[in-house]
Amino acid sequence: MLDIFRSNPAFNVVNLTLAINKQKFVPGRLGQLGIFGAGRGITTTTVVAEEKNGIFKLLSPTPRGAPGETVDKTKRKLRPLSVPHFEVNDAVYAEEVQGVRAFGSETELETVMGKVAERNRDVILPSFSATEEYQRIGAVKGIITYADGSTVSLFDAFEVSQPAEIDFDLDNANPVPGVLREKCAGVVRSMGAALEATPFSGIHAFCGDKFFDDLIKHPEVRATYLNQAAAAELRQGYVTADGQSWGSFEFGGIRWENYRGQVGSTKFVEDDKAHFIPLGAPGFFDCVYSPADYIETVNTMGRRLYARQYEMNNGKGVHYDVQMNALSYCTRPNALLRGKRT
């Protein structure tokens, strides 16, 4: 069995990596929306975001012939962000392919590769996919949280304050007419003010379960859709055709989506919360992949996933490693708004 791994080029780091990147990943909703793009490879383990803002202000009149006002020069700041390393260590033991070896067999390699592919499909690749989605929802919130509880605040990294949470008062049994639409208008205006000259085409809200349930039954929402063809959106079941969302609808210039994302008991969006992002804003989100920590990949352009194998010291099998060095982040965290149900 080990001769297969030693001699066959299908098991070198390049071919294993190509094979694993061809696997069908369990898609996350944020990856499906494409707001982070396809991701780009970098040759370093740190990405540096350059901030360049021209400062403008309202000018006061000055006497003719007298000195005018001075204008501050454009300032540049470099903000380094480290790309985290994620790795899974697995193994294929000789006993797992016992009886597969046959002299001159043309199916031997296929069977062993099938064992590797089975592990990838059932456990390893879904774990990386969920990890990347969890990182991306952190970028939407402005605070990236990892499975070990560690966090990276994009607000601190870019030296901006986190906007105050907006109370939508959705548990109010007798809301003031028009107050919900007013809240929505406030979100749109605040988003535009934070983005300044950066264009955007709309706003998307990722809502927790309770927030969405109370929003969809709010009197203003129901009155807006009543007796309209669009009311079908409120009557439909929550699950979309591809199962990646619990449902969505438009109101107040915002696309509200009941975000579906959970691993075990960890919900990616809290039940009572909503997180707002601009759509169509160029460069608002970014995703980078660094090279693996192997000798042959140093200073090469990074890929999303890497895989390689090496023989066990006791000769009973081979170790099998898969790794991802990825960072998804927001370049304008001051424009990330959040709301609460009550």
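**View 1. Phe285 and the residues it touches.** In this predicted model, Phe285 touches Ile35, Phe36, Ala139, Val140, Ile277, Tyr329, Cys330 and Leu336, leaving aside residues up to four places away in sequence. One of its partners here, Ile277, gets a view of its own next.

**View 2. Ile277 within strand S13.** Ile277 has its place in strand S13. Is Ile277 buried or exposed? Ile277 counts as buried because its relative accessible area is 0%, and buried means under 20%. Beyond residues up to four places away in sequence, Ile277 touches Ile35, Val140, Met191, Gly202, Ile203, His204, Phe206, Phe285 and Leu336. For a sense of distance, take Pro333: Ile277 and Pro333 are 56 residues apart in sequence, and their C-alpha atoms are 9.7 Å apart in space.

**View 3. The open sheet, strand by strand.** Here 6 strands line up in the order S7-S17-S13-S8-S10-S9, forming an open sheet with mixed pairing. At the edges are strand S7 (166–167) and strand S9 (245–251), each pairing on one side only.

**View 4. Strand S17 and the strands beside it.** Strand S13 (residues 273–279) and strand S17 (residues 337–340) are antiparallel, paired over 4 bridges. Within this pair, Ala274 stands opposite Gly339, and Phe276 faces Leu337. Strand S7 runs parallel to S17, and 2 bridges join them; here Asp167 has Lys340 as its bridge partner. Which residues of S17 lie on its covered face, and which on its uncovered one? Leu337 and Gly339 make up the covered face, whereas Arg338 and Lys340 make up the uncovered face.

**View 5. Helix H7 on the strands.** Helix H7 (residues 209–216) lies across S8, S9, S10, S13 and S17. Its direction runs at about 130 degrees to S10.

View 6. Why does Cys184 count as buried? Its relative accessible area is 0%, and buried means under 20%. Cys207 is likewise buried, because its relative accessibility is 0%. If you are looking for disulfides, a search of the whole structure finds 0.

**View 7. The whole chain, for context.** Stepping back, the protein chain has 9 helices and 17 strands. Of its 342 residues, 40% are buried. The accessible surface comes to about 18500 Å², and 52% of this belongs to carbon and sulfur atoms. Taking contacts between residues at least 6 apart in sequence, 75% join residues at least 24 apart.

Note on methods: Residues numbered from 1 in each chain as written. Predicted model: local features only at pLDDT ≥ 70, side-chain atom pairs only at ≥ 80, totals over all residues. Heavy atoms only, no water. Pairing = 2+ DSSP bridges. Contact = heavy atoms within 4.5 Å. Axes fitted to C-alpha atoms, helices over the stretch in contact; angles between N-to-C directions. Disulfide = S-S within 2.5 Å. Buried < 20%, exposed > 50% of the residue type's maximum accessible area, 1.4 Å probe, protein only. Areas by Shrake-Rupley, 256 points an atom, 1.4 Å probe, with all protein chains shown as cover.
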